[in-house]
Amino acid sequence: MNFRKQLAISESPAISEVVEIPLTPAEALKHAVELRPDAKLICIETNGSQATQTYVEIWKRSEKILGGFRASGLQPGNPIIFQISTGQDFAPILWSCIIGGFIPVPVPVAANYSKPNQALSRLYNVCQKLDYPIILSNSTLASQVHGGLQLYGPKKVNIATLEEIESHSPDPRLHKHKPHELALLLPSSGTTDKCKLIEVSSCTFIYRFLQISIHQNYKSIEKVILSWFPLENISGILTTAPNDFQKKIHLPAQNIIRNPLLWLDALSKYRVTHAPTTNFILALVIDKLRTNYQYKWNFSSVQRIGIGAEPIVAKTARSFLEILGKYNLNPHVFGPVYGMTECGPIACSREGFSLTTTSNSDRFVEIGKPSRGHSIRIVDQQGSIIEEGQIGRIQVTGPSMTSGYYKAPELTRQLFTEDGWINTGDLGFLQDGKLTVTGREKETIIINARNFSCHEIELVVEEVEGVEPAYTVACAIRQQDSDTDELAIFFHTLITEPSQFAQLTKQIRGKVTQTLGINPTYIIPIDKATIPRTSTGKIQRLQLKQSLEAGEFDAIIKRVDTLLKQESEKTWVAPRDELELQLTQIWEKVLGKKSISINDNFFDLGGHSLIAVRLFDQIEKTFSQTLPLATLFQAATIEELANILRQSGCSIPQSSLILLQPHGSKPPFFYVTPAGVTALDCSSLVRHLTPDRPFYALQESGLEGELIHHTSIEEIATHYIQQIRTVQPSGPYFLGGACFGNVVAFEMAQQLYKQGEQIALLVIIDGFWPDHVAERPQSKLIYLVRYVTRHLTILSLLPPQEKWNYIIRLIQRSILKVYYKINPSRLGNSSLIDRAFYYQDLGRQLRIQYVPQVYPGRVSLIKANKKHNWLSLDPDKDKEKFLSVWNKFATEGAELYDFPGHHSFMFKEPYVQDLAEKLQICLDKAQTENSKGSSSKKKLSQQSAETLTQNPNLSKKESTTRFATPQDKLEPQPKSG
């Protein structure tokens, strides 16, 4: 028998209830208000204020606004562009347009009207298409809108303010729309110059936004919906339309992006039953909930969370359900939705997304069957319907479809098939009548729920001088674990000089991020001949995308990354004070980059509006200073932003603990700086380490804050332990130091062990001999000889141009030492350099007083192999003695790593690269051993700590016979007694 598979077409029955439907949008709107007059719309503004209006109150406001429109001479069919910054005003204005027969054209408000940008460009484009109709705005925004549009050339702009329009008497007369009369124009979710205006006829308006309220049985249980979608969006307009929800809450998208937990707060607080969202927001929430903090949420009221606007990542959705399950969130609450502005919601899941029927490895998430009255079919390139299970082009039809694009007949012709179905441009398949979307055929990229035309992106790139026109390609790729599409840009240039090419690449990134608000993942130079084209010359983006995903461009990407890193290191400028350091840490955190120079441009680094929101939120939390986002247009570097904060009089919190590298999930490494040295001096070391664990530096807080006089090493160690416990309350701890910092780190490890904590790593970076610390030569002559020979050795290794600077610093230090000894009260107002010299001298004194005890653990040593001074031992003998001493002071032994250089140059380029390599080995080895969690090792360490606690005066000789060291395992054990 011949079993033919089911054709890929799925149809949903039309609404069959016999209900008297009002003939016009105005009548339908009034009918919906009369059915539920006390239903409420709650709008929460960006500043946190809340405005509540009932449907009746909104209707009364809309009649007053309608009176103002008619008094100003507007006629039915006239378009009105919205530039409204407050949510509470949007619904009354929209309703007044519907009942008066005017055509509402909601356009998002721009964040900045002082210079051209994406939102302002869209507004200008819409104004042009509509021949500059009236623009309705708030009085506080009207002048800015007018000035912004003049940036594109002198134009006669007609702006009316809501305050003046609403001052007129109400006009209750309803406009009688014809069935196919234009009722609404929605700007497409694409960007900038090619924005299309999507037509919504009067009958389509009723079906999309009001038919639910007309057909709904209002004896159902109370329903509350929460939406953060912009009100200019189709989902936002649905939020303002009266339907079967007793309460509607709207949150500003900007606030949710800044703090996605506000969405969860509102879900619980308002006992929400329904909420639309996107995969992008789910990912932000998961990232925020990585801590174990317990919240007082209760999501038992939530019945359905619709996910749409972009592809759903199974792993993200599953993680969200798993994390929030403990707050009574229904595991079947997700309902995948598919649709587009041109046709509204087309398909949805009735069964819901389930943890039991999905896995993290699922590439695609099933959406569901067509919504009521709609149909979906899958066709091949010739337009023939294919079989179920086969991937093809998605086409849809139904009563909510647009009639086309406003005054764009060619685009409208491309949108529809000959038999009236819409070409979505998406790819997918049907199985058992249910739709699964697999990708996009059309040249559109969706990133973070926003649509971007490939052609528009390419035009933006080609505006950069040096990019050859007609050879730029933009395409979307998606990494396996990514929550959204990523942008790849291919371009051709004649520039070959490395520094100029690096600068061009930065300019491309900056132009795209500043203009479009997206950060390209890949910017790849390409030869003209490499770009695949059809016989007619059309670029084959899919083929180029597949080549990228297959790894054919990996070598080019690696070369470009290496070049950019080299050029960046040449121009890198470190933070110069605490303010710039903290700003750098914030920038690196929100941008996801390391080694940012204070002169790097925010947009060149890939910053855009969403990141800017998070950046300024962190700045506000850190410095208690609120800055407008537009500040970035005047101060786009750390240096410039720091100057603005200084002028604002921000206060910098005083702390010894400085975060230099925030990335990574492994336990942090705490590094104690040498005496009188700031955390900035080890920034080069941090840059060369793998960013898989946070790196904290501990410095004397008195270097840049209030002067603090510690009286002992033990006191400093106790203070530093208090500091590190604020970020890591318990072990295992990874500790280290250099010079004087070695002594403090050693004492910190001792104290932590006695407090019952585990030390995974204690690394000593040269210069600390535990048996020599308290043995400063009694003869001043011997001390002087050692002092002089040490500095002469350093001078011999310095280049000629640096020798005199080194001598001047030595003289300066000696003079200041005498000066502050005579005038100690002047030290509190001294400069950073003066304080550095003071703390260096204080550190030397405290080190002499310190008497180290045997350490009940293992020590990792990084030892410079160049002679410290001319009188030092031969390097090999010196290294052997150094290891021998430490084996006596570390009960679990010591391991030594050889550093090929002099002690004084360990933290300078290029030597610091070798130091970073040795430190990385120590960190990785300690991490591996700590993960194994050897119980015998923990038991031995615990016994050692108990022994030392019971007998702190245990002599060095007794300690070497009591505890076995690695060296003991190789040599015969001495007999006791």
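Begin by selecting Phe69, Ile80 and Trp95: of the 64 residues in the largest nonpolar core, these three touch the most other members. The largest share of this core, eight residues, is contributed by α3. The model on display is a predicted one.

**The surroundings of Phe69**

Keep Phe69 selected and display its contacts. With neighbours within four places in sequence set aside, Phe69 is in contact with Leu74, Ile80, Ser96, Cys97, Phe102, Leu136 and Ile165. In soluble globular proteins, nonpolar side chains tend to be buried together.

**The parallel sheet**

Next, colour strands β5, β4, β6 and β7, which form an open sheet in that order with parallel pairing. The edges are β5 (103–106) and β7 (159–161), each of which pairs on one side only. On average, neighbouring strands of this sheet are turned by 30 degrees against each other, direction ignored.

Select residues 79–83, which make up β4; four bridges join this strand to β5, and the two run parallel. Within that pairing, Phe82 has Pro106 of β5 as its bridge partner.

Residues 87–100 form helix α3, which lies across β4, β5 and β6 (134–137) and runs at about 175 degrees to β4. Helix α5 (residues 139–150) also packs on the sheet, where it touches β4, β6 and β7. The direction of α5 makes about 140 degrees with that of β6.

Select Tyr132, in the loop between α4 (118–129) and β6. Its phi is near 55 degrees, a positive value in a residue other than glycine. Most residues other than glycine have a negative phi, and most peptide bonds are trans. Tyr132 counts as buried because its relative accessibility is 18%, and the cut-off for burial is under 20%.

Move to Thr341, which is found in the loop between β14 (334–340) and β15 (344–348). Is this residue buried or exposed? Thr341 counts as buried, because its relative accessibility is 16%.

Which residues does Thr341 touch, not counting those up to four places away in sequence? They are Leu186, Ile198, Arg208 and Ile234.

Select Asp432, in the loop between β19 (422–431) and β20 (434–440). Asp432 has a phi near 55 degrees, a positive value in a residue other than glycine. Asp432 counts as exposed because its relative accessible area is 59%, and exposure is defined as over 50%.

**The mixed sheet**

Colour β23, β24 and β25 next; these three strands form an open sheet in that order, and the pairing is mixed. Strands β23 (473–477) and β25 (522–525) stand at the edges with a single partner strand each, so one side of each has no neighbour in the sheet. Neighbouring strands here are turned by 20 degrees against each other on average, direction ignored.

Select residues 486–491 for β24, which four bridges join to β25, the two strands running parallel. Phe491 stands opposite Pro525 in β25. Helix α16 (residues 541–549) lies across β23, β24 and β25, and runs at about 55 degrees to β23.

**Cysteines**

Select Cys127 and Cys475. Cys127 counts as buried because its relative accessibility is 0%. Cys475 also counts as buried, because its relative accessibility is 3%. A disulfide is a covalent bond between the sulfur atoms of two cysteines. The structure holds zero disulfides.

**A cis peptide bond**

Select Gly731 and Pro732 and inspect the bond that joins them. The peptide bond from Gly731 to Pro732 is cis, and its omega is near 5 degrees. Pro732 is found in the loop between α23 (713–724) and β29 (733–738).

**The whole chain**

Of the 977 residues in the chain, 54% are buried. Among contacts between residues at least 6 apart in sequence, 73% join residues at least 24 apart. The accessible surface of the chain comes to about 44700 Å², and carbon and sulfur atoms account for 51% of that surface.

Technical notes: Residues are numbered from 1 along each chain as its sequence is written. This is a predicted model: local features need pLDDT of at least 70, side-chain atom pairs count only at pLDDT 80 or more; totals for chains, interfaces and linings use all residues. Side-chain values use heavy atoms; hydrogens and water are left out. Two strands pair if DSSP finds at least two bridges between them. Axes are lines fitted to C-alpha atoms, for helices over the stretch in contact, and angles run from 0 to 180 degrees between N-to-C directions. Contact means heavy atoms within 4.5 Å. A disulfide is a pair of cysteine sulfur atoms within 2.5 Å. Buried means under 20% relative accessible area, exposed over 50%, partly exposed in between (1.4 Å probe, protein chains only). A nonpolar core is a set of buried Ala, Val, Leu, Ile, Met, Phe, Trp, Tyr and Cys residues joined through side-chain atoms within 4.5 Å. Accessible areas come from the Shrake-Rupley method with a 1.4 Å probe; for residues, only the protein chains shown count as cover.
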